[in-house]
Amino acid sequence: MNRRESVMTGGLSLLGLAGAVRRARSAVIPRKVIVVGAGISGLAAARTLVSLGHSVVVLEGRTRIGGRIATSGLWADAPVDHGASWIHGPTNNPITALARQAGAPLVTTNDNSMIVYDTAGKPLDAAGSKKLEVLRTAIEGAVTRGQNTLRTDATVQSVIEAGTAWQGRSAQDQSWMRYLINSDYEQEYGGSSNSLSALWFDQDSEFSGQDLYFTKGYRSVTDLLAQGLAIQTGQVVTRIRVQGAQVFVDTKTGTFTADRVVVTLPLGVLKSGAVQFLPALPAAKLAAISTLRMGILNKCFLRFKSVFWAEKYDWLGYIPALNGRWAEWCSLSRQTGKPILVGFNAADYGGQVEFSSDAMIVQEAMATLRRIYGATVPDPVGYQITRWGNDPFSLGSYSYIPVGAKPGMMDALAANVNRMIYFAGEATNRKYPATVHGAYLSGVRAGTELV
Ligand SMILES: Cc1cc2nc3c(=O)[nH]c(=O)nc-3n(C[C@H](O)[C@H](O)[C@H](O)COP(=O)(O)OP(=O)(O)OC[C@H]3O[C@@H](n4cnc5c(N)ncnc54)[C@H](O)[C@@H]3O)c2cc1C
């Protein structure tokens, strides 16, 4: 069991947010505000500020809005999401209400609907499935014991190895355990088990309920939030300068001035130094930026003429010979009505794969599928591949807590600087990092905090 706290009821309700906005509105001094970034946190901040009576301009570097919510229209009859796809835990989740308001069609994805194939490509039989569960219990036990006893932080991998008598185990046990570590931790948090902090990696909370998938794309939510906002796309911010009571935001094409700025740059962009702050950011914030890390999750969508896989399962797992390679697949055929599979690569291998050509990536994916479903499996009729680590407007998929970092660093990232520069974005939300709802709530928080 990990330490994630499941929020069964309550959570941060929309009503609670509305109350905060109402209280803030009564004290408002109208200001000119620039919001940097038109991802969901920037849009949420901008809407909150506009609803409080401020005048807001959103500056976005890409030629589109949405950020890591990125619905591709390449297959006109089957929109697929290169970034976020699911509402994780829809009960009391603010994104559920927004999706309903946007009229977005949603279907449940069942995490327990899964078939696992061994390295040779054979489905696990009853004994194999039982063995996998025994290994999973051993891993979870080792993590929990580590969290209860560690004096100084260590990596998730080292704690698992110490707590499961790893060295004495068979090669097959180790390979299956590597699969479980990848599937249960690396795919979710994006960080390598050799980097994730055993003490803190799962300190976050979650909403309850089966995940919901957007069959027509997540962008319906960001499109809804963007309605009526003044957004300038193609404005790549390079410098944020505070002088007296004014903020000057330089982009590659000009300078914008405002009374306040809300920065929603992804942690990866903050780490890169692509945006300069003058005066320099406080030491605690700089430490948080350099110590917290961006994880990787990449997707490879493969579209076929017809379904050849076990489509009654939502999830297909494969225990690879090499750590983390093409271990996790989701069938989108039930959810979209189209013969589409998506393969996920996370953490170390998720990063490595970005440097391969499209042709190589598709070839590797197909080698795995042919190992499972036979050599006669046809080539795909189309594919789409993500490379979030190399995307200059993201430089990673989402944040995680590595050894050496502490959850309080997310609060340091969220803290405003002299009530002039405010910060939002998934990495600033200690309770719900790395999620759409966490990013959204951080934007509402920054917007209300500014008052
Ligand atoms: C592959 C993948 C799958 C995911 N799956 C899920 C999921 O199923 N469910 C879920 O809840 N979460 C998921 N997430 C996480 C979720 O997408 C993010 O946490 C959330 O969208 C982040 O929103 P944000 O506003 O913090 O950042 P962003 O959406 O990244 O917004 C920041 C904005 O700043 C812009 N920007 C960057 N640099 C500059 C610059 N110099 N000048 C101006 N603008 C700039 C960017 O272009 C971007 O639009 C996934 C993420 C990825 C990558």
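In strand S16 (residues 276-278), Gln 276 is the bridge partner of Arg 239; strands here are DSSP E runs of at least two residues and helices are H or I runs of at least four, numbered from the N terminus. The model is a predicted one, with local features requiring pLDDT of at least 70 and side-chain atom pairs counted only at pLDDT 80 or more, while totals for chains, interfaces and linings use all residues. Residue numbers start from 1 along each chain as its sequence is written, and side-chain values use heavy atoms, with hydrogens and water left out.

That pairing belongs to a parallel link, in which S12 and S16 are joined by three bridges; two strands count as paired if DSSP finds at least two bridges between them. Strand S12 (residues 237-243) also runs antiparallel to strand S13 (residues 246-251), this time through six bridges. Within that pair, Ile 240 sits opposite Val 249 of S13. The two strands make a hairpin with two residues between them, and Gly 244 in the turn takes a positive phi of about 60 degrees.

Elsewhere there is an open sheet of three strands, ordered S6-S10-S7 and paired antiparallel. Its edges are strand S6 (86-87) and strand S7 (106-108), each of which pairs on one side only. S6 is held to strand S10 (residues 212-214) by two antiparallel bridges, and Trp 86 has Tyr 213 in S10 as its bridge partner.

Most residues other than glycine have a negative phi, and most peptide bonds are trans. Asn 92, a residue other than glycine, has a positive phi near 65 degrees, and is found in the loop between S6 and helix H3 (94-102). The peptide bond from Leu 278 to Pro 279 is cis, with omega near -10 degrees. Pro 279 is part of the loop that runs between S16 and helix H9 (283-291).

Now for the ligand. There are 39 residues around the ligand, and Ser 41, Glu 60, Arg 68, Trp 86 and Val 436 come nearest; a residue is near if one of its heavy atoms lies within 4 Å. By class, this shell has 19 nonpolar, 15 polar and five charged residues, where Ala, Val, Leu, Ile, Met, Phe, Trp, Tyr, Cys and Pro count as nonpolar, Asp, Glu, Lys and Arg as charged, and the others, Gly among them, as polar.

A backbone N or O atom of Ile 40 is 3.4 Å from a ligand oxygen atom. For Arg 68, a polar side-chain atom lies 2.8 Å from an oxygen atom of the ligand. Trp 86 puts a polar backbone atom 2.8 Å from a nitrogen atom of the ligand. Taken alone, the ligand exposes 1,000 Å², of which the protein buries 98%, with areas from the Shrake-Rupley method and a 1.4 Å probe. Helix H2 (40-51), strand S18 (297-303) and helix H14 (436-450) are the elements that give two or more residues to the shell.

A cavity is a set of points, on a 1 Å grid over the protein atoms alone, where a 1.4 Å probe fits but cannot get out, and its lining residues have an atom within 4 Å of a point. Points are joined across faces, edges and corners, and the volume is the space filled by probe spheres set on them.

The largest cavity holds about 60 Å³ of space. Its lining includes Arg 68, Leu 265, Phe 423 and Glu 426, and divides into eight nonpolar, two polar and two charged residues. The second largest cavity comes to about 50 Å³. Among the residues lining that one are Asn 298, Lys 299, Cys 300, Trp 326 and Asn 345. S18 and strand S21 (340-346) each supply at least two of its lining residues, and S18 gives the most, with three.

Notes
Polar contact = N/O pair within 3.5 Å; in protein donor to acceptor, adjacent residues only side chain to side chain. 1 Å grid on protein atoms, 1.4 Å probe; cavity = no way out; pocket = protein on both sides within 12 Å on 5 of 7 lines; lining within 4 Å.
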